[in-house]
Amino acid sequence: MNNMKSMSDDTPSSPERRRFISVATVTAAGVTLAPGVMLIDVAHGRPEEQAASNAVRWGMLVDATKCASGCDECVSACSTENGWTPVAESAHPKQAPQWIRKLELQDPLTQAETNLPMMCQHCEEPPCVDVCPTGASFKRADGIVLVNRHTCIGCRYCMMACPYKARSLVHEPLNDTQKPDVPRGIGCVEACTFCVQKVDRGDGTTACVEACTASGHNALVFGDMNDPESEISKRLRELPTKQVRADLNLNLGVRYHGI
Amino acid sequence: MAGKIKRLLALGAVVLTTAALAWAGSDDQPKASGAPKPVITKAVKGEQCVEPNDFMRRNHMKVLLHHRDETVLEGVRTKKYSLKECINCHASEKTGSVAASKDDFCVSCHSYAAVKIDCFDCHSTKPQGSMAMHPLNAETAHYAHKLAAQANSKVSAEEMAGIAQ
């Protein structure tokens, strides 16, 4: 009997309960903080009937110096959140969709190794949007680059145009394995969405960032780059960062430190 | 003589046509069996749809189309007219889906009306949380793919002993 009790005590609380607790904590914290600080929090969790606005620009900072070799927590968290099959489990790994990839690079001269995740860079001037013949590839007001699967014809021009190899085509029928929040299907191109379903819910973070933080590496920061008080803006002010292929002048939403 | 025969033939034709028409219009004529009528199951959750039933039967596609563009392009995720909410209420109790078997809510009418929909090529036909909310899965739904990967790998006796402790 004692044994039973201790077991039930050790059981972690369910995700729903955890979310409720965290929301409750945030609300309580909001009450105790100054009104100005609360306003910023409210701006990020916009009301559900309000359209995404260009007052916000979502972005991500990748600190490659903290990104650990051999760790792929961000990749598996993305696959779990968005419902794409991990490449290792795919029947056709060469054409399996990948929303985020873990890269391990080595300088051939110095043998120095760099680890970083590569995904859609959410350009301000996205080449994928320029080339799309149907207008399916588009940039949302808050800077998130998405594919409207209702109009995507699967021509893959955007995959050719993307300098970051960020997009994939779904080649196989998915047979109702999709997540209710993340519709995706055969014949459409897809890529990282900055977890748009979570952003719209007001989580203010993405699955990969949550996983990176939970694993203790803290290599990823997500936030509003237009808000000078957000964590990402502060970190971007402090750290020297680079845009991948900055020569293309695309003004990326993902910035790398330590590459 | 020839004229008489012609007149008789014409009269005969008129009589026959009228009879045929009357026969076709009569009620005791057995109806063509046709397709079986759709099964419309009452939604599991909720008392009343977001609009009256008659309106929804004729116009659900219009409101869904409008809402779909607002959601995808602008990120407006209100619950009214959201396909996800349709599924949340109308998923069958038997299959947990709106389109898995031929009696499920969406498929039932659409196969009767012979209107092919491709919503479910991309959209899940099951309500959110049906797997994660299940008491058996609540703690592990997060790691479903990892568990699946582990299920294929062989576990040594030592590891099993370690887990048991």
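Colleague: Which residue just after α8(A) takes a positive phi?
Modeller: Gly216(A) does, with a phi of about 90°. Helices (H or I, at least four residues) and strands (E, at least two) are DSSP runs here, numbered from the N terminus.

Colleague: What should I know about the model and the labels?
Modeller: It is a predicted model, in which local features need pLDDT of at least 70 and side-chain atom pairs count only at pLDDT 80 or more, while totals for chains, interfaces and linings use all residues. Residues are numbered from 1 along each chain as its sequence is written, with chains lettered from A and ligands numbered from 1 in the order in which they are written.

Colleague: Back to α8(A). Which of its residues are buried?
Modeller: In this helix, residues 207–214 of chain A, the buried ones are Ala207(A), Cys208(A), Val209(A), Ala211(A) and Cys212(A). Buried is 20 or more other C-beta atoms within 10 Å of a residue's own, with C-beta atoms placed from the backbone.

Colleague: What do they pack against?
Modeller: In chain A, the buried residues of α8(A) pack against α4 (73–82) and the strands β2 (100–106), β3 (113–119) and β8 (220–224).

Colleague: How many helices and strands does chain A have?
Modeller: Chain A has 9 helices and 9 strands. Of its 259 residues, 32% count as buried.

Colleague: New topic. How many residues of chain B are in contact with chain A?
Modeller: 24 residues of chain B are in contact with 28 residues of chain A; contact means C-beta atoms, placed from the backbone, within 7 Å.

Colleague: Which elements of chain B give two or more residues to that side?
Modeller: They are α2 (53–74), α5 (119–122) and α6 (144–152) of chain B. The largest share, 4 residues, comes from α2(B).

Methods: Two residues are in contact if their C-beta atoms, placed from the backbone, lie within 7 Å. A residue is buried if 20 or more other C-beta atoms lie within 10 Å of its own, exposed if 12 or fewer, and partly exposed in between; C-beta atoms are placed from the backbone.
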